[in-house]
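Hello,

Here is the structure I promised to pass on. Please have a look at it before reading my notes below.

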Amino acid sequence: MEKISILWADDEIDLLKPHILFLKDKGYDVHTANSGDEVLELVEKNDFGAILLDENMPGLSGLETLNRLKTKHADLPVIMITKSEEEYLMEDAIGSKISDYLIKPVNPKQILLSLKKTLDNKRLISEKTTSNYQQEFRQIGMTLGDRLNWNEWSEVYKKLVYWELELDSSKDESMMEILKMQKSEANTQFCKFIENNYISWLNGKQPNGPLFSHTVFKNRVVPMLDKPETTFLVLIDNLRYDQWKVIQPIVAEYFKVENEELYSSILPTATQYARNAFFAGLMPSEIEKRFPKLWLNDEDEGGKNMHEEELMLDQLKRLGKDIKVSYNKITNHAAGKKLAENMSNLMQNKLNVIVYNFVDMLSHARTEMEIIRELADDEKAYRSITLSWFEHSPLHDMLKQIAAKKGRLIITTDHGTIKVSEPSKVVGDKNVNTNLRYKQGKSLDYVKKEVFEVKNPADAFLPRQHMSTTFVFVKEDKFFAYPNNYNYYVSYYRNTFQHGGVSLEEMIIPYVTLSAK
């Protein structure tokens, strides 16, 4: 390993020879200086990893030297050493972005620890993270071989997301590849689990099923309406669990998490189905039957999520909740700013629903716009853009206001999304829907082992457009592709984020209740 050069500046440097020899013995290349002016001169000629800087030197003081250093070398780590414990010196030094602060007399081990914290912190954390995942890898692998129930699958997914986020900051690409392989194996097993249980759950023939899109409002949202505070339900379209975890630290500045659970999106994991089911408290075929004029099928013209407020009000009425409620759908920045300016007026309502569409638009824009593809090149970058959007969004401002007014908060979503990589061939007539993760039609030809097929839509409470309609949901990270113009189609859609099918990322989604701090 290449030696790290450090510079130690002290007007009594000759007295520190034992310390310097100790650091050299530990593998550091130590240079010395007697004054601030000498420090500035040496820094221009050498590439130092860090500077140990005495605060109390004649001539140019330690703090003056620090200020001049930072104007030209803002990223150069500086460890300040001083005899003084006066508070103003610490504040000045910390305000000048020092890396660490030590009080004389210092012993060699203190110096070594400070250097390791400053220079090796990221490497040590990365190595520790890698080591910890290596230990858990085997445990997760053994778990995947068990017959898991829904709650156990939720815990497996939480662990995989946890390690994915931990390894984001690690430079160990080989370990990240191992995690990707384990996540892929988990998705294979999860898809079998869904195939074996989904229809039985919906028809009440299988116990220990998940909370579903059409039951979460009744079982989780409505009980909160008995509490005295105003409740805000924020549904961020297409928000995966990992994306929630990256914005959680910002939300945690104003709210404490009371409960975080994972519920299941219904199939198809698409807005038209999952979000309508969420607000109606009904499955799609039940919505079509109760509201024949409101429900639109895939091949019908018009917006498929135009009546969510009406569906929600009907559900509240069925559940005997006669309350003041508002519903706002935000699809652009201007609408978000306008709502943020009107938050005070919403406090008089018992329930305020805010549907925010940014993440869904991001996934579509990433498919269609080259520049967004480059910005969100991989999962880590996709999460990063989500975080950056949230930090600077009107929604962030809204949450601050809700916290200030002591409102209660729910953050959830309707479905997730998955980065697709492998095509799955499908053939259908001109009326087959365009979604890449599910297809419905009367004459579909597909690779059976690559899909979860529902030959009788009524079994999955899905509308039947024709007597012979079949629904097929592609599994894992595949996407449907037509034989016509196959190569162009595959190259265009490979590595895009899609939803509608069966995967951990699309189906296992967050429902979080929070209270203001």
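My notes follow, from the whole chain down to single residues.

**Overall**

This is a predicted model. The protein chain has 517 residues, and 53% of them count as buried. It holds 21 helices and 19 strands. The C-alpha trace spans about 95 × 55 × 40 Å along its principal axes. Among contacts with a separation of 6 or more, 74% are between residues 24 or more positions apart. The accessible surface is about 24,500 Å². Carbon and sulfur atoms account for 49% of that surface.

**Two helix pairs**

Start with H7 (residues 150-168) and H10 (residues 241-251). Their axes lie 10 Å apart, at an angle of about 55°. The two helices are therefore oblique to each other. Their crossing is right-handed. On the H7 side the contact uses Tyr157, Lys158, Val161 and Leu165. H10 brings Tyr241, Asp242, Lys245 and Val246. By class, that contact has five nonpolar, no polar and three charged residues. The spacing on the H7 side is worth a look in the viewer. An α-helix has 3.6 residues a turn, so residues three or four places apart point the same way.

Now take H9 (residues 213-224) and H11 (residues 271-280). Here the axes come within 6 Å and cross at roughly 25°. Angles under 35 degrees count as roughly parallel, so H9 and H11 are roughly parallel to each other. This crossing, too, is right-handed. Ser213, His214, Val216 and Phe217 of H9 meet Ala274, Ala277 and Phe278 of H11. That contact divides into five nonpolar, two polar and no charged residues.

**Arginine 275**

H11 also carries arginine 275. Is this arginine buried or exposed? Its relative accessibility is 2%, so arginine 275 counts as buried. Leaving aside residues up to four places away in sequence, arginine 275 touches Leu235, Asp237, Ala270, Asn305, Glu308, Lys329, Val355, Asn357 and Asp414.

**Serine 393 and H19**

Serine 393 sits in the loop between H18 (379-391) and H19 (394-404). Serine 393 counts as buried because its relative accessibility is 7%, and the cut-off is under 20%. Lysine 227 is 166 residues from serine 393 in sequence, and the two C-alpha atoms are 29 Å apart. In H19 the buried residues are Pro394, Leu395, His396, Met398, Leu399, Ile402 and Ala403. After H19 comes lysine 406, with a positive phi near 60°.

**Backbone points to check**

Most residues other than glycine have a negative phi, and most peptide bonds are trans. These spots depart from that pattern:

- Lysine 104 and proline 105 are joined by a cis peptide bond, with omega about -5°. Proline 105 is in the loop between strand E5 (100-103) and helix H5 (108-119).
- Leucine 267 to proline 268 is also a cis peptide bond, with omega near -5°. Proline 268 falls in the loop between strand E7 (255-264) and H11.
- Phenylalanine 461 has a positive phi, near 55°. Its loop runs between strand E15 (451-454) and strand E16 (470-474).
- Asparagine 495 has a positive phi, near 65°. Its place is the loop between helix H20 (486-493) and strand E18 (497-498). At 35% relative accessibility, asparagine 495 counts as partly exposed.

Best wishes

Methods:
Residues are numbered from 1 along each chain as its sequence is written. This is a predicted model: local features need pLDDT of at least 70, side-chain atom pairs count only at pLDDT 80 or more; totals for chains, interfaces and linings use all residues. Side-chain values use heavy atoms; hydrogens and water are left out. Helices (H or I, at least four residues) and strands (E, at least two) are DSSP runs, numbered from the N terminus. Buried means under 20% relative accessible area, exposed over 50%, partly exposed in between (1.4 Å probe, protein chains only). Axes are lines fitted to C-alpha atoms, for helices over the stretch in contact, and angles run from 0 to 180 degrees between N-to-C directions. Angles under 35 degrees count as roughly parallel, over 145 as roughly antiparallel, 65 to 115 as roughly perpendicular and the rest as oblique. A crossing is left-handed if the near helix is turned anticlockwise from the far one by less than a right angle, and right-handed if clockwise. Contact means heavy atoms within 4.5 Å. Ala, Val, Leu, Ile, Met, Phe, Trp, Tyr, Cys and Pro count as nonpolar, Asp, Glu, Lys and Arg as charged, and the others, Gly among them, as polar. Accessible areas come from the Shrake-Rupley method with a 1.4 Å probe; for residues, only the protein chains shown count as cover.
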